[in-house]
Amino acid sequence: MRCGADGMRIKILGCSGGIGAGLRTTSLMVDEDILVDTGTGIGDLPLAVLRRVRHVFLTHSHLDHTCGLPLLLDTVFDTLKSPIMVHGREETLAAVRKHIFNWVMWPDFAELPNREAPALQYGILEPGARVTLGDRTLEAVAVNHSVPAAGYIIEADGAVFAFSGDTGPNESFWRALNGYAQVNVLVIECAFPNRNAEIAELARHYCPRTLATDLPKLRHTPEIWLTHLKPGAEEEIFAEMQAALPDRRVQRLRGGEVFEL
Ligand SMILES: [Zn+2]
């Protein structure tokens, strides 16, 4: 992994599968202007940093990944010079519009402070499509979750950071990663321990057994970091993962972790 002035900096704001003291749900910050998901982790950002967010990429509509978005917009809308772009699959954006920004759960910031200059603008990003922002490119990749969902592959200057979002066993994520020349960092979910394999299958999440089965599909050997672990089961999931992959170094992701690529 390279460090330096070029490239990108990714900070983990939240990576837990739930809440509780010290735990925050999924959100990653890329440099100072991009958020991937808006879980409770964004609540720790200083106001000045929140005001610099220009783009939000949603993996899917579930609340643990989106609950901070309405609060972010309400916090910064009066200082914005242009709308915050919210990217995601068509179904994800439709769900956010219908179930969050519906004037009942929250005001519709796609029409506020006024329709001519709203605080929020949507950008449909289907799997396989890419958005380039400066020297960073984000590709949405189809994954296998209980609602339409995407992972993101973030590339800057040849360095690649991959984030699965929420997913169970699949082919598409691994195939997309294999299309890149290298993968430096892989943040992959493993929400449940093996004893909850049935729940994991229903909810379309990984457990250590299914993740160990899928990982050989990847032709690269990136750093592997586990995310979205169920509160209270973190040690159990991590131990099961290490036992299932004795030859690979797997690390447990924590809030505050920073990747310089
Ligand atoms: Zn989910």
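Glu126 has 28% relative accessibility, so it counts as partly exposed.

A quick word on the ground rules. This is a predicted model, where local features need pLDDT of at least 70 and side-chain atom pairs count only at pLDDT 80 or more, while totals for chains, interfaces and linings use all residues. Residues are numbered from 1 along each chain as its sequence is written, and side-chain values use heavy atoms, leaving out hydrogens and water. Helices (H or I, at least four residues) and strands (E, at least two) are DSSP runs numbered from the N terminus.

## The other salt bridges

The structure has 13 salt bridges. Among them is Arg52 with Glu32, at 3.4 Å from N to O. Here too, distant parts of the chain are linked: Arg52 is in the loop between α1 (47–50) and β4, Glu32 is in the loop between β2 (27–30) and β3 (34–36), and they are 20 residues apart. Arg52 is partly exposed because its relative accessibility is 37%, and Glu32 is partly exposed too, at 46%.

Lys217 and Asp214 also pair up, at 2.6 Å from N to O. Lys217 is partly exposed at 27%, whereas Asp214 is buried at 4%. There's a network as well: salt bridges link Asp31, Asp33, Asp135 and Arg136.

## The zinc site

Which residues hold the zinc ion? The protein donors are His60 (NE2), His62 (ND1), His145 (NE2) and Asp166 (OD), at 2.2 to 2.3 Å from the zinc ion (donors are N, O and S atoms within 2.8 Å of the metal, or 3.2 Å for Na, K and Ca; water is not among the atoms, so sites may look incomplete). Along the chain, the donors follow the spacing H-x1-H-x82-H-x20-D. Two of them come from distant parts: His62 lies in the loop between β4 (55–57) and α2 (63–66), and Asp166 in the loop between β10 (159–163) and α5 (172–178), 104 residues apart.

The angles among the four donor atoms run from 90 to 173°, and the site is irregular. Asp166 is buried at 2% relative accessibility, but His62 is partly exposed at 25%.

Asp108 sits in the loop between α4 (90–99) and β6 (120–124). Asp108 is buried yet has no salt bridge, and the nearest side chain of opposite charge, Arg97, is 5.7 Å away (Lys and Arg count as positive, Asp and Glu as negative; His and the chain ends are not counted). What does the side chain of Asp108 reach? It reaches the backbone nitrogen of Ala110, at 2.9 Å. Setting aside neighbours within four places in sequence, Asp108 is in contact with Phe101 and Trp103 (contact means heavy atoms within 4.5 Å).

Terms used:
Four donors count as tetrahedral if all angles lie between 85 and 135 degrees; four count as square planar and six as octahedral if opposite donors are over 155 degrees apart and all others between 65 and 115; anything else is irregular. Buried means under 20% relative accessible area, exposed over 50%, partly exposed in between (1.4 Å probe, protein chains only). A salt bridge is a side-chain nitrogen of Lys or Arg within 4 Å of a carboxyl oxygen of Asp or Glu. A polar contact is a pair of N or O atoms within 3.5 Å; within protein, one must be able to donate a hydrogen and the other to accept it, and residues adjacent in sequence count only if both atoms are side-chain atoms.
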